Amino acid sequence: MQVDVAGRTDVGRVRGNNEDSFKLVPELNLFVLSDGMGGEAHGEVASSMAVEGIVAHCLEGVYNKDLPLAGNAQPDLTPRTNRLISAIRLANKQIYEAAQRDPNQKGMGATVVSIWLDGHRLCVAHVGDSRAYLMRGTDLQQITDDHSLVAEQVRRGILTKEQAAQSKMQSVLLRALGIDEEVEVDASEHLLMDGDSILLCSDGLDRMVLDEEIAATLLTSHSAQDAAQRLIQMALENGGEDNVTVVLLRVVHTEDGFLLRLWKWLNGPLEPTSEGGK
Ligand code: CA
């Protein structure tokens with residue numbers, strides 16, 4: 001499957017430092033985003049440990065099929081999703097232990113949202129309130145549940161979505177990496193179709209930009225890079241109250257459409273290939 005992917009981050013217009021981190025590994029179709037928290041620069045430390053640790057464990061698992069999983073495998077999920085969950089559990093432990101060792105880093109933590117493609121299957125795993133959205137056609141759907149107090153209150157019918165969006169408690173997380181020795185990771189799998197877009201973002205985007213605006217931007221962008229840039233710009237224009245990070249992945253048609261085939265036939269190959277332009 002061919003994908004077009006881009007990631008961008010911005011400190012925003014209020015904060016002094018950027019505590020978000022992201023990492024793109026296009027060779028593996030593995031993408032990770034994390035939003036750190038903690039005093040001084042410790043949020044940055046936590047989010048960077050999260051993305052680096054997760055990618056390292058997944059990479060190791062690719063080259064060493066016998067690499068044990070951290071914790072029990074979930075039998076209803078594929079090995080790839082279980083590897084992603086394992087990587088998040090390990091990153092949690094690493095951040096937790098680092099915070100225990102250094103009193104200055106006590107209380108540091110991070111969210112994480114990660115995706116890994118396996119052919120047409122999208123594996124998603126997350127902890128915290130960083131989100132994954134799937135855009136199919138004109139329909140934008142959040143495919144992760146926020147592990148935040150207000151999201152839980154919405155799920156229980158205590159708050160409406162509108163009340164949650166105004167709440168002063170929006171930052172209160174029910175789950176994050178680095179807080180306890182063990183963490184519960186949520187995971188899901190989805191089958192992708194040509195033309196789908198997947199957006200990962202920190203709350204600096206979804207608190208500043210409405211879902212309708214996100215959808216309109218994804219629909220009218222000509223590339224992942226263009227969409228990522230425009231989403232960041234909108235978050236800044238709407239206040240930029242927090243660090244804002246987006247990772248955008250678009251599934252490119254794997255089979256050439258009729259018009260593209262015709263265009264290629266009329267114009268010749270786009271680039272010379274090692275097979276002599278076949
Ligand atoms: Ca944030």
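Me: Axes here are lines fitted to C-alpha atoms, for helices over the stretch in contact, and angles run from 0 to 180 degrees between N-to-C directions. At what angle do helix H6 and helix H7 pack?

Reply: This is a predicted model, where local features need pLDDT of at least 70, side-chain atom pairs count only at pLDDT 80 or more, and totals for chains, interfaces and linings use all residues. Residues are numbered from 1 along each chain as its sequence is written, and side-chain values use heavy atoms, leaving out hydrogens and water. Helices (H or I, at least four residues) and strands (E, at least two) are DSSP runs numbered from the N terminus. H6 covers residues 211-220 and H7 covers residues 224-237; their axes lie 9 Å apart, and the packing angle is about 150°.

Me: How is H6 oriented relative to H7?

Reply: Angles under 35 degrees count as roughly parallel, over 145 as roughly antiparallel, 65 to 115 as roughly perpendicular and the rest as oblique. The angle of about 150° between H6 and H7 therefore makes the pair roughly antiparallel.

Me: Which residues of H7 meet H6?

Reply: Contact means heavy atoms within 4.5 Å. From H6 come Glu-213, Ile-214, Thr-217, Leu-218 and Thr-220. Their partners in H7 are Ala-227, Arg-230, Leu-231 and Met-234.

Me: How many residues in the contact of H6 with H7 are nonpolar?

Reply: Ala, Val, Leu, Ile, Met, Phe, Trp, Tyr, Cys and Pro count as nonpolar, Asp, Glu, Lys and Arg as charged, and the others, Gly among them, as polar. By these classes, the contact of H6 with H7 has 2 polar and 2 charged residues. Its nonpolar residues number 5.

Me: What describes the orientation of H1 and H2?

Reply: Helix H1 spans residues 42-63 and helix H2 spans residues 79-101, with axes 8 Å apart. They pack at an angle of about 140°. H1 and H2 are therefore oblique.

Me: How many residues in the contact of H1 with H2 are charged?

Reply: H1 brings several residues to this contact, including Ala-46, Met-49, Gly-53 and His-57. H2 answers with Arg-83, Leu-84, Ser-86 and Gln-94, among others. Sorted by class, the contact has 12 nonpolar and 5 polar residues, and the number charged is 1.

Me: How many residues does the second, separate core have?

Reply: Leu-30, in the largest core, touches Leu-84, Ile-115 and Trp-116, among others beyond four places in sequence. The second core is separate, and includes Leu-231, Ala-235, Val-246 and Leu-248. Its residues number 23.

Me: Is Asn-29 buried or exposed?

Reply: Asn-29 sits in the loop between strand E2 (20-25) and E3, and has a positive phi of about 55° although it is not a glycine. Most residues other than glycine have a negative phi. Buried means under 20% relative accessible area, exposed over 50%, and partly exposed in between (1.4 Å probe, protein chains only). At 16%, Asn-29 is therefore buried.

Me: What is the relative accessible area of Glu-40?

Reply: Glu-40 is found in the loop between E3 and H1. Beyond four places in sequence, it touches Asn-17 and Glu-19. Glu-40 is exposed, because its relative accessible area is 70%.

Me: What is the relative accessible area of Ala-187?

Reply: Ala-187 lies in strand E9 (residues 186-191). Leaving out residues up to four places away in sequence, Ala-187 touches Leu-77, Thr-81, Ile-85, Val-124 and Ala-125. Ala-187 is partly exposed, because its relative accessible area is 29%.

Me: How far apart in space are Asp-118 and Met-37, C-alpha to C-alpha?

Reply: Asp-118 is in strand E5, and is in contact with Arg-80 and Cys-123, leaving aside neighbours within four places in sequence. Along the sequence, Asp-118 and Met-37 are 81 residues apart. In space, C-alpha to C-alpha, their separation is 31 Å.

How values were computed:
Core = buried A, V, L, I, M, F, W, Y, C linked by side-chain atoms within 4.5 Å.
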